[in-house]
Amino acid sequence: MGGVRVQVLIGTYGAGIWRLDTEKACAAQIAEAQDPSWLLRVGGDRLYAAEECLGEKQGRVALFVRKDGAWIRRCTVPSGGENPCHLACSADGKWLAAANYASGSVALFPLDEAGSPDEPQIFPGHHGGPNAERQEGPHAHFMTFQPEGLLCCDLGADELRRIVLTPDGWQEAASLWTLPAGTGPRLFARHGNRAYIVCELSGELLTYAYPEGKRLSREHIADGAKGTAAALRFGEDGRLYASHRGGDCVSIYELDASGLPRLALRTSSVGSWPRDVLPIPDGMVCACQKSGEVVLLRRQSPAVRIAVPEPVGLCQE
């Protein structure tokens, strides 16, 4: 099929972990896993999967290691809560954090030299927000290790939670920011002294001065149904990519000299319900959950649709 070759790992609901070869435009299952909604590559030989285990009260975190080009499960541990949906690893490789969406808790695992998680420290969420249907309680989502500590978007509480490492261990500190009520912060990205948060419930992209938290802008990701903003990622081209499930589209933003996003392009995801989007050197890949496909969108080339059952998470291999 041509184009720049990228290997993309795909997490799914119910169908394990898949691999997409963008040059050949084909995908195949490569590992068994139970609802691996988020995948995290660490170094060249470690892959962590958040196994949501839908319908169960306890999720799992799995570690896969690369052997002879294949990903082999090394160990599996309880996630410390229900429906783990995101993972983050500290820069020194000593800590792994898991966000348990349904129960609202954050689990912090110490990692041994081989990357295997040990018994975690659990930080429960504490309250919800004004949206009675979606914010009945805390809902931990995206996490990132920053100099200010481990930050967690709490979709249920409209907060950017903060957990800091002290001489006595990890402790929850005051929230870094409180966001507008009912926005439902889902994902966080940072560029220099600017932070960008995509809000699932309001369908907005919020820009903040980092770390002081002064809100600089708020833009709707797409017209149409609210409550469906999904992915947020920076591409190698320095642009910010945000997907919108209700509108089945991806909005691409360029940053001006002050770091404010300006809409450069809004394009169809082709498939339905773009749960995740991964920029690649010559375009992007969309995980379209409801239509059961990943869509390869290359610049100035026709879209290529590749069947994958309920794809929900993407990472570059």
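A residue is called buried when its relative accessible area is under 20%, exposed when that area is over 50%, and partly exposed in between. The model is predicted.

**Exercise 1.** Determine which residues of strand 26 are buried on each of its faces.

Solution. 
1. Strand 26 spans residues 293-298.
2. On one side, Glu293, Val295 and Leu297 are buried.

**Exercise 2.** Identify how strand 26 pairs with strand 25 and with strand 27.

Solution. 
1. Strand 25 (residues 283-288) runs antiparallel to strand 26, and six bridges join them.
2. Within this pairing, Cys286 stands opposite Val295.
3. Four residues separate the two strands in their hairpin, where Gly292 has a positive phi near 65°.
4. Strand 27 (residues 304-307) is also antiparallel to strand 26, over four bridges.
5. Here Leu296 has Val304 as its bridge partner.
6. The hairpin of strand 26 and strand 27 has five residues between the strands, and Gln300 takes a positive phi near 60°.

**Exercise 3.** State the strand order of the open four-stranded sheet and name its edge strands.

Solution. 
1. The order is 3-2-1-28, with antiparallel pairing.
2. Strand 3 (26-31) and strand 28 (311-316) each pair on one side only, as edge strands.
3. From one strand to the next, the twist averages 30°.
4. Strand 1 (residues 7-12) is joined to strand 28 by five bridges, and Leu9 stands opposite Cys315.

**Exercise 4.** Classify the ring pairs Trp177 with Tyr208 and Tyr196 with Phe234.

Solution. 
1. The structure holds six aromatic pairs.
2. Trp177 and Tyr208 lie 4.7 Å apart, centre to centre, with 20° between the planes; planes under 30 degrees apart count as stacked, so this pair is stacked.
3. Trp177 belongs to strand 15 (residues 169-178) and Tyr208 to strand 18 (residues 204-209), 31 residues apart. Both residues are buried.
4. For Tyr196 and Phe234, the centres are 5.8 Å apart and the planes stand at 75°, so the pair is edge-to-face.
5. Tyr196 lies in strand 17 (residues 194-199) and Phe234 in strand 20 (residues 229-234), so the pair ties together parts 38 residues apart in sequence.
6. Tyr196 is buried, at 0% relative accessible area, whereas Phe234 is partly exposed, at 26%.

Notes:
Residues numbered from 1 in each chain as written. Predicted model: local features only at pLDDT ≥ 70, side-chain atom pairs only at ≥ 80, totals over all residues. Heavy atoms only, no water. Pairing = 2+ DSSP bridges. Axes fitted to C-alpha atoms, helices over the stretch in contact; angles between N-to-C directions. Buried < 20%, exposed > 50% of the residue type's maximum accessible area, 1.4 Å probe, protein only. Phe/Tyr/Trp six-rings, centres within 6.5 Å; stacked < 30°, edge-to-face > 60°.
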